[in-house]
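I opened this notebook to record what I looked up in one structure, entry by entry.

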Amino acid sequence: MFIVALVTSPYALAADALSPEVRRLQTTWETIKFGVPEGDDQTNQMNALGQDADAVAAKFPEMPEALIWDGIITSERASMASSFSALGLAKRARDLLERAYTIDPARLDAGATTSLGVLYYRVPGFPIGFGDKAKARQLLEEAVRRAPNGLDAWYFYGDFLYSQNERQKAAAVFQQALKIPQRPDRPLWEKNRRLMIEELLAKIEAGK
């Protein structure tokens, strides 16, 4: 089964520092991701948001925030798509995120760096896809260095370690993530991301 991302996120640039167009993408993504039950309605809403994100990225081709959010939403669409179309969406997300990374790998709490790392460990490797665990590890380690208070950078680094059966190291990373100060401007994302971290910590403690 082809599972991409759910790449991510919400990166820590203050909401009022984002352009109105990018802020709209961010808040709509949060609402669909965490407020709409999984199923056709959620998929349709995310696909519609993807068209909006494509238009914003086309309008601001040199703005890393616009590219990052288009990449995140495109990755999300890939995770919801059929096997037939998922890889195409994942490749498009990778291209968008690589452009953002080239401009500024630290922008939005290392948003492009984190999201590329997620793609590289969730997309299947050769000959099916472009996944590469070694490259994913390198990018996620870079992400937490660039964004020491980036909740998503730490969450996805821990999730990667968990997926590689490095449970003790993953637990330490998750515990570090929970120490990061909370962001009052993004309560929906903040609450759900921390719940996901606590669920994984509980699994590790239960030996799962």
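The entries below go through helices, the nonpolar core, aromatic rings and backbone geometry in turn.

**Entry 1. The model**

I noted at the outset that this is a predicted model.

**Entry 2. Helix 7**

I looked up the length of helix 7 and found 13 residues, with 18 Å from the first C-alpha to the last, close to the 18 Å expected at 1.5 Å a residue. I then asked how many residues of helix 7 are buried. The count is 12 of the 13, so helix 7 is largely enclosed by the rest of the structure. Among the buried residues I listed Leu151, Trp154, Phe156, Gly158 and Tyr162. I also looked up what these buried residues pack against: helix 5, helix 6 (133–146), helix 8 (167–178) and helix 9 (187–205).

**Entry 3. Asp159**

Asp159 is buried, with a relative accessible area of 10%. Which residues does Asp159 contact, leaving aside its neighbours within four places in sequence? I found Tyr121, Arg122, Phe174 and Leu200.

**Entry 4. The nonpolar core**

I looked up the largest nonpolar core and recorded 60 residues in it. The residues with the most contacts inside this core are Trp29, Trp69, Ile73 and Phe174. Helix 7 gives the most to this core, with 9 residues.

**Entry 5. Trp69 and helix 3**

I located Trp69 in helix 3. Is Trp69 buried or exposed? Trp69 is buried, with a relative accessible area of 0%. I also recorded that Trp69 and Val22 are 47 residues apart in sequence, while their C-alpha atoms are 7.3 Å apart in space. For helix 3 as a whole, 17 residues at 1.5 Å each should span 24 Å, and the end C-alpha atoms are 24 Å apart, which agrees. Of these 17 residues, 15 are buried, so helix 3 is largely enclosed by the rest of the structure.

**Entry 6. Helix 2**

I made the corresponding check on helix 2 (residues 40–59): its 20 residues should span 28 Å at 1.5 Å a residue, and its end C-alpha atoms are 29 Å apart, which agrees. The buried residues of helix 2 are Gln42, Met46, Leu49, Gly50, Ala53, Val56 and Ala57. Seen down the axis of helix 2, these buried residues fall within an arc of 130°, so they line one face of the helix. I then looked at the face turned away from the buried side of helix 2, which carries the exposed residues Asp40, Gln51, Ala58 and Lys59. The buried residues of helix 2 pack against helix 1 (20–35) and helix 3 (64–80).

**Entry 7. Aromatic rings**

I looked up ring pairs next and found that the count comes to 6 aromatic pairs. The rings of Tyr121 and Phe160 have their centres 5.3 Å apart and their planes at 65°; angles over 60 degrees count as edge-to-face, so this pair is edge-to-face. The pair links distant parts of the chain, with Tyr121 in helix 5 (residues 107–122) and Phe160 in helix 7 (residues 151–163), 39 residues apart. Elsewhere, ring pairs link Trp29, Phe34 and Trp69 into a cluster.

**Entry 8. Arginines over rings**

I searched for charges over rings. Arg167 lies over the face of Tyr162, at 4.1 Å from the ring centre. Arg186 lies over the face of Trp189, at 4.9 Å from the ring centre.

**Entry 9. Backbone geometry**

I kept in mind that most residues other than glycine have a negative phi, and most peptide bonds are trans. I recorded a positive phi near 55° at Leu108, a residue of helix 5. Leu108 is buried, with a relative accessible area of 4%. I recorded another positive phi, near 65°, at Asn165, which lies in the loop between helix 7 and helix 8. Asn165 is exposed, with a relative accessible area of 58%. Lastly, I asked which residues a cis peptide bond joins. The bond joins Phe126 and Pro127, and its omega is about 10°. I placed Pro127 in the loop between helix 5 and helix 6.

How values were computed:
Residues are numbered from 1 along each chain as its sequence is written. This is a predicted model: local features need pLDDT of at least 70, side-chain atom pairs count only at pLDDT 80 or more; totals for chains, interfaces and linings use all residues. Side-chain values use heavy atoms; hydrogens and water are left out. Rings of Phe, Tyr and Trp (its six-membered ring) pair if their centres lie within 6.5 Å; planes under 30 degrees apart count as stacked, over 60 as edge-to-face and the rest as tilted. Helices (H or I, at least four residues) and strands (E, at least two) are DSSP runs, numbered from the N terminus. A charge sits over a ring if NZ of Lys or CZ of Arg is within 6 Å of the ring centre and within 35 degrees of the ring normal. Buried means under 20% relative accessible area, exposed over 50%, partly exposed in between (1.4 Å probe, protein chains only). Contact means heavy atoms within 4.5 Å. A nonpolar core is a set of buried Ala, Val, Leu, Ile, Met, Phe, Trp, Tyr and Cys residues joined through side-chain atoms within 4.5 Å. The expected span of a helix is 1.5 Å times one less than its number of residues. The arc is that of the directions from the helix axis to the C-beta atoms.
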